[in-house]
Amino acid sequence: DASLNIMTLEDPVEISMTGIRQSSIDAEHAMDFAQGVRGLLRQDPDVLLIGEVRDTPSCAMALRAVMSGHQLLTSVHAGSAMAGLARLKELGALPGQLAENLMAIAAQRLVRRFCRSCNGRAEGCTDCQGSGYRGRQLIMELVLVTPQLAALIAGDAPEEALLECARISGFRTLREQGEQLVRQRLTSQREIERVLGREERQGYAHVPQGGTKECE
């Protein structure tokens, strides 16, 4: 939509994009993410793209932008979608603020795909130079904040309850999606463990399929 005022704050701007007003962090002149967001808000953007929420001040400014009616997309350092939610809390976001303003949170990884020519057998294959892999496949967790999930977030419910509720909207963990790729013979178990670590380090306890009374 050409009428949208889309602005970014990046560290640094790596790719220039037509129709988007892009800004870089300037450490030499004391412009960090928090100060940058404050400056961008004065220019009345419709959509803000912020490279990273990395500390309490930048988290506070991001929430301020959202609560004043702006759409905001950003990233945080976390191992999974639910870990991202926990990270925002660590940075000072209150459960009620997240419940009212968070639309979705995603986590993604790239895993190597088996070579189509040798199907992972590798030996003697010139297309993959004997590696058994060629190309990559995206796996992504997506948590949609439904009214039911928002109520649990507002109540600071434990991760297990949040996961169980998210499954109603089709949520699947990175691990589950990786295992499906293994069953489809698109990649190997070794590759999934290389990217995600062994199962005990995934960060999710086992959560049964289906809903709970809190989500009904």
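Biologist: What makes strand E5 stand out in the lining of the largest pocket?

Modeller: E5 gives the most to that lining, with 7 residues. This is a predicted model, in which local features need pLDDT of at least 70 and side-chain atom pairs count only at pLDDT 80 or more, whereas totals for chains, interfaces and linings use all residues. Residues are numbered from 1 along each chain as its sequence is written, and side-chain values use heavy atoms, with hydrogens and water left out.

Biologist: How much space lies in the largest pocket, and which elements give two or more residues to its lining?

Modeller: The space is about 890 Å³, a volume being what is filled by probe spheres set on grid points joined across faces, edges and corners. Of the 30 lining residues, the closest to the pocket centre are Leu73, Thr74, Leu102, Ala104 and Ile105. The elements with two or more lining residues are helix H2 (56-67), E4, H3, helix H4 (95-101) and E5 (104-114), all of them DSSP runs numbered from the N terminus (helices: H or I, at least four residues; strands: E, at least two). By class, the pocket lining divides into 20 nonpolar, 9 polar and 1 charged, where Ala, Val, Leu, Ile, Met, Phe, Trp, Tyr, Cys and Pro count as nonpolar, Asp, Glu, Lys and Arg as charged, and the others, Gly among them, as polar.

Biologist: Why is one space called a cavity and another a pocket?

Modeller: On a 1 Å grid over the protein atoms alone, a cavity is a set of points where a 1.4 Å probe fits but cannot get out, while a pocket is an open set with protein on both sides within 12 Å along at least five of seven lines; lining residues have an atom within 4 Å of a point. The structure holds 1 cavity of 30 Å³ or more, and the largest cavity has a volume of about 30 Å³. Met82, Leu85, Leu102, Ile105, Val143, Val145, Leu149 and Ile153 line that cavity, a set of 8 nonpolar, no polar and no charged residues.

Biologist: What makes H5 and helix H6 roughly antiparallel?

Modeller: Their axes come within 9 Å and cross at roughly 175°, with axes fitted as lines to C-alpha atoms (for helices over the stretch in contact) and angles running from 0 to 180 degrees between N-to-C directions. Under 35 degrees counts as roughly parallel, over 145 as roughly antiparallel, 65 to 115 as roughly perpendicular and the rest as oblique, and therefore H5 is called roughly antiparallel to H6. In the contact (heavy atoms within 4.5 Å), Gln148, Leu149, Leu152 and Ile153 of H5 meet Ala161, Leu162 and Cys165 of H6, and these residues divide into 6 nonpolar, 1 polar and no charged.
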